[in-house]
Amino acid sequence: MWIRDSAFQIGVLLPKMKSRSLRLIIEGAIRQQAFYILQDPYANGYYPEWRDPNEENRSDRQLGRGGWVGVRNYELDSGAYFFNLLWNYAQTPGLYRPEILL
């Protein structure tokens, strides 16, 4: 998952969140992004499944790949897109309920 790309793709769906099923998908994607960012905030691309870093080749380990991290290139815009998505989600009328996000 690329944080910047997936945040943008999710963001365009926010105005269409009339159905509960779409809302659950979007909220799940936001939670998944938050999980990945907490694992390594300097990465910008993540694997869908954990990979043992010891099984990665030496070059990949030196680049910080392995575990959840697929690409460890810090990009300011990845975090910015994530926070923009959170802001837009919170500002979408009738959707944001903090007790659901706990």
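**A quick walk through a predicted model**

Before the details, some housekeeping. This is a predicted model, where local features need pLDDT of at least 70 and side-chain atom pairs count only at pLDDT 80 or more, while totals for chains, interfaces and linings use all residues. Residues are numbered from 1 along each chain as its sequence is written, and side-chain values use heavy atoms, with hydrogens and water left out.

Overall, the C-alpha trace spans about 50 × 25 × 20 Å along its principal axes. Of the 102 residues, 32% count as buried; buried is under 20% relative accessible area, exposed is over 50%, and partly exposed is in between, using a 1.4 Å probe and protein chains only.

On the α1 side, the contact (heavy atoms within 4.5 Å) is made by Ile-3, Ser-6, Ala-7 and Ile-10, and on the α2 side by Ile-26, Ala-29, Gln-33 and Ile-37.

On to the rings. Searching the whole structure turns up six aromatic pairs. Rings of Phe, Tyr and Trp (its six-membered ring) pair if their centres lie within 6.5 Å; planes under 30 degrees apart are stacked, over 60 edge-to-face, and the rest tilted. Take Phe-35 and Trp-68: their centres are 5.2 Å apart and their planes are at 85°, so this pair is edge-to-face. It links distant parts of the chain, with Phe-35 in α2 (residues 20-39) and Trp-68 in β2 (residues 67-71), 33 residues apart. Phe-35 is partly exposed at 32% relative accessibility, and Trp-68 is also partly exposed, at 21%. Ring pairs join Phe-35, Tyr-36, Tyr-46 and Trp-68 into a cluster.

Last stop: is Ala-43 buried or exposed? Ala-43 sits in the loop between α2 and β1 (45-51), and with a relative accessible area of 6%, Ala-43 is buried. Leaving out residues up to four places away in sequence, Ala-43 touches Val-69, Val-71, Arg-72 and Asn-73.

Conventions:
Helices (H or I, at least four residues) and strands (E, at least two) are DSSP runs, numbered from the N terminus.
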